[in-house]
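This report covers a strand hairpin and its pairing, then an annotated set of positions. Please look at the sequence and model first.

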Amino acid sequence: MSHLTLRSDHNYMARALRLAEKGLWSTDPNPRVGCVIVRDGEIVGEGWHQVAGEPHAEIYALRMAKEKSAGATCYVTLEPCCHHGRTPPCTDALIKAGITRVVVAMTDPNPLVSSKGIEQLLKAGIIVDTGVLSHEAEQLNPGFFKRMRYNRPYIRCKLAMSLDGRTAMASGESQWITSQDARRDVQCLRARSSAIMTGAGTVLADDPLLTVREAELPCHLYLKLTPIKQPLRVIIDTHLSMPINARMLSLPGKTLIFTASPNETLKVILEKAGAQVIPLPGREREVDLKAMCRVLAEKYEVNELLMETGATLGGSMLRAGLIDELVIYMAPMLLGNKARGLFNLPEIEQLDQNISLDIKDIRAVGCDWRIVAHPIYSR
């Protein structure tokens, strides 16, 4: 392959990835996918997957290209599907349209597709090249890939803290540590998430709604496409202390309560109030967090789970090795040593017991700083 061809492939795939990003808030539980069709050095068709159940990116691009698809090259950020799911196979459409070459960023980890789509294209005489901007394509769909490969969601933990690492005063007062710009940024995290999780303690203290507030989203480019889908609400409530008049229980959509309590009476009361209670008792009378992740992946197709929790639940998830990403908003203030810390990690008593972090990004958000880091669980 010539350097010129390789450069062109990268340029067109980069365009496909930008298109895929337009589905950031709307494709769930499907992956975000973009597609560009090129013939004689000209883009003749492009599209992206917009909403689950509607056509995939390849179909939109083929509709735009029409007869110019014959003899063209198709650039797609994820291996074309080859099975009947919510929509017909994209491989059949590409073959029928006369596409002669397909460039794929990465293979699909979904067992129903994984390499089978590429094999079908090759059998039809289509040239297939893979691995173009695969890292960038991977970053676009962390939750879908985590669910397909490991049967659990990608878990992102959002935290707001002072410069000295405190999240709230000793009294629990925490509104607002960070600026309005940071809080708007959090709405983007909520909008891209399949579910938002918190603990019963947070519900008792703050009575949150756990919804996306569209008016606070800083980006309105894609809102005209489709209304924002509200994430699933997930509560960890070990002893079923959730109040039946919690505001979120009156909202449309599901509120799941995972508990270790065997109290059937409280379960019935909460379900009558609008919740769905799922008992998952684990060791030491706590919720089995790993089992919870499996339920969310298998039954509810949760790709990305956003944690907005206190130090106790956050510490439990971190100790279980379940947090994939920390998003920490650091405010330019000091709260003192009596204020509350980020995580409850009492077992760390020596420096060599630390949980190391791989810092991925640091940038200013208004007057605050946003730190994105990945915990390193093995050494």
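## Hairpin and strand pairing

Strands β15 and β16 form a hairpin with 2 residues between them. G366 sits in the turn and has a positive phi of about 65°. Strands here are DSSP runs (E, at least two residues), and helices are DSSP runs too (H or I, at least four residues); both are numbered from the N terminus. The model is predicted: local features need pLDDT of at least 70, side-chain atom pairs count only at pLDDT 80 or more, and totals for chains, interfaces and linings use all residues. Residues are numbered from 1 along each chain as its sequence is written, and side-chain values use heavy atoms, leaving out hydrogens and water.

β15 (residues 356-365) pairs with β16 in the antiparallel sense over 9 bridges. Pairing requires at least two DSSP bridges between two strands. A364 has W369 in β16 as its bridge partner. β16 (residues 368-376) also pairs antiparallel with β13 (residues 325-331), over 5 bridges. There, V327 is bridged to V372.

## Annotated binding site

An unreviewed UniProt entry annotates a "binding site" that includes A160, W176, T202, T238 and A311. The annotated positions span 157 residues in sequence, and their farthest two C-alpha atoms are 27.6 Å apart, so they do not all gather at one spot. UniProt positions follow the numbering used here, feature names are shortened, and annotations may be inferred rather than shown by experiment.

## Two annotated residues

T202 lies in helix α8 (residues 200-206). Beyond four places in sequence, T202 touches D207, P208, T309 and G310. Contact means heavy atoms within 4.5 Å.

A311 belongs to helix α11 (residues 311-319). A311 is partly exposed because its relative accessibility is 26%; buried is under 20%, exposed over 50%, and partly exposed in between (1.4 Å probe, protein chains only). Leaving aside neighbours within four places, A311 contacts G341, L342, F343 and N344.
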